[in-house]
Amino acid sequence: MNTKKLTRYIGIAMVLGIVVGYFCHRYAQTPEEAARIAAYFSLVTDIFLRMIKMIIAPLVFATLVTGLASMSDASAVGRIGMRAMIWFVAASLVSLLLGLALVNLFEPGAHMNMTLPDAGASSGLKTGDFTLKAFIAHVFPSSIAQAMSNNEILQILVFSLFFGTALSFVRSKGHHTLYNMIDELAKIMFRVTDYVMRFAPLGVFAAMAAAITTEGLGVLVSYGKLIGEFYLGLALLWGVLFLIGYLFLGKSVRRLGGLIKEPTLLAFSTASSESAYPKTIEALSRFGVPKRISGFVLPLGYSFNLDGSMMYQSFAVLFIAQAYRIPMSFTQQLTLLLVLMVTSKGMAGVARASLVVVAATLPMFNLPEAGLLLIMGIDQFFDMGRTATNVVGNSLATAVIAKLEGRQPADEEAPAKEAAGGAAAS
């Protein structure tokens with residue numbers, strides 16, 4: 001499907017989903033009835049996301065393995081990985097600092113004056129296994145089949161590193177059969193991706209309708225200030241990220257922004273980074289990023305470079321502290337920043353990861369874990385923004401690292417080809 005048409009259809013589907021969800025919420029007699037109606041919409045969304053998850057593992061494996069096997073210089077893997085991690089740490093620091101600064105400036109929870117809950121009150125989220133030790137052990141797969149069946153991106157990446165390196169050695173000995181087969185698999189998976197993405201508008205419509213049916217438009221008004229301030233923070237973060245991208249990419253960063261519009265909108269409307277992964281790879285390829293780089297850096301970024309999620313975590317923790325009138329000193333906030341820098345790196349593969357990170361962090365600063373209940377009801381709207389931001393951050397990171405590797409974006413010839421193609425079509 002034409003990229004511009006798909007983006008337009010997704011936008012229309014979002015608006016229709018809000019309208020339909022509003023009427024369903026309005027005419028539902030009880031919250032239980034609204035939840036039942038929303039469940040039918042959610043079924044459509046779940047089917048779409050299942051189709052997305054169906055292609056993630058083979059797509060990541062095929063693009064990463066062929067990318068590694070095609071690298072003639074073995075040191076390139078370490079160099080690209082080191083540059084990626086430096087970017088990820090720097091971006092995480094910027095996201096956290098910006099979130100802390102905004103929540104201190106606006107104080108969105110200061111006027112809530114909540115009463116401290118009982119000591120035993122809980123948000124219900126499982127945080128017991130969320131430790132650095134568990135995360136490090138979880139990185140290494142005990143079974144690649146299990147890792148693929150669960151879409152454990154980081155585990156697939158680790159296996160692919162070993163497999164791709166070994167395949168590169170075998171290929172250097174003149175054996176190309178397996179490499180050619182995996183390369184063909186990558187091409188097939190991109191075609192499958194194109195088929196699946198044709199259902200994106202339907203999935204987006206259902207996701208928006210389900211959220212509004214259960215919560216209603218009123219939740220946006222009640223928490224409007226908090227949501228508005230958070231999205232202002234995300235807008236500022238986008239500005240910072242694109243400014244840094246401009247320093248490396250020059251004016252071509254504008255073209256990159258246009259190319260990633262579709263996967264960003266898809267991530268926003270479905271609140272799923274996985275749904276945007278195939279289209280992000282495709283957009284970066286059109287920008288001129290080799291698949292050997294995007295296939296390596298992008299999966300790594302899905303685990304270590306979640307800029308929107310980082311901002312949300314600092315925002316949420318201080319919001320809860322303000323709501324219960326628990327002061328946090330500058331030293332405590334600095335400690336919070338360092339804690340989130342570490343704990344957030346273990347969020348890959350964890351359901352409702354950002355909420356789990358916040359829930360695990362609150363007891364460390366004597367903040368009530370049950371305070372998370374204040375924002376769990378509207379987490380869907382936060383999740384949409386932070387997921388879209390994660391896609392933007394990872395796209396910029398991948399494009400910049402490709403530029404540092406000496407790959408120039410096709411910012412002159414690509415528009416010309418697109419214009420020529422449009423003229424021929426007309």
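User: How many salt bridges does the count come to by the rule used here?

Analyst: The count comes to nine salt bridges, a salt bridge being a side-chain nitrogen of Lys or Arg within 4 Å of a carboxyl oxygen of Asp or Glu. This is a predicted model, in which local features need pLDDT of at least 70, side-chain atom pairs count only at pLDDT 80 or more, and totals for chains, interfaces and linings use all residues. Residues are numbered from 1 along each chain as its sequence is written, and side-chain values use heavy atoms, with hydrogens and water left out.

User: Why is the contact between E405 and R83 called a salt bridge?

Analyst: The N to O distance between the side chains of E405 and R83 is 2.6 Å, which is within 4 Å, so the pair meets the definition. E405 lies in the loop between α19 (379-404) and α20 (413-425), and R83 in helix α3 (residues 75-106), 322 residues apart; helices are DSSP runs of H or I of at least four residues, and strands are runs of E of at least two, numbered from the N terminus. R83 and E405 also belong, with R79, to a network of salt bridges.

User: Are E405 and R83 buried or partly exposed, and how do you know?

Analyst: Buried means under 20% relative accessible area, exposed over 50%, and partly exposed in between (1.4 Å probe, protein chains only). E405 has 16%, so E405 is buried, whereas R83 has 29% and therefore counts as partly exposed.

User: What makes K279 and E262 a salt bridge that links distant parts of the chain?

Analyst: The closest N and O atoms of K279 and E262 are 3.7 Å apart, so the distance falls within 4 Å. K279 is in helix α13 (residues 273-287) and E262 in helix α12 (residues 261-270), 17 residues apart. K279 has a relative accessible area of 4% and is therefore buried; E262 has 3%, so E262 is buried too.

User: What is the helix content of residues 153-170?

Analyst: Residues 153-170 are 100% helix and 0% strand, with end C-alpha atoms 25 Å apart.
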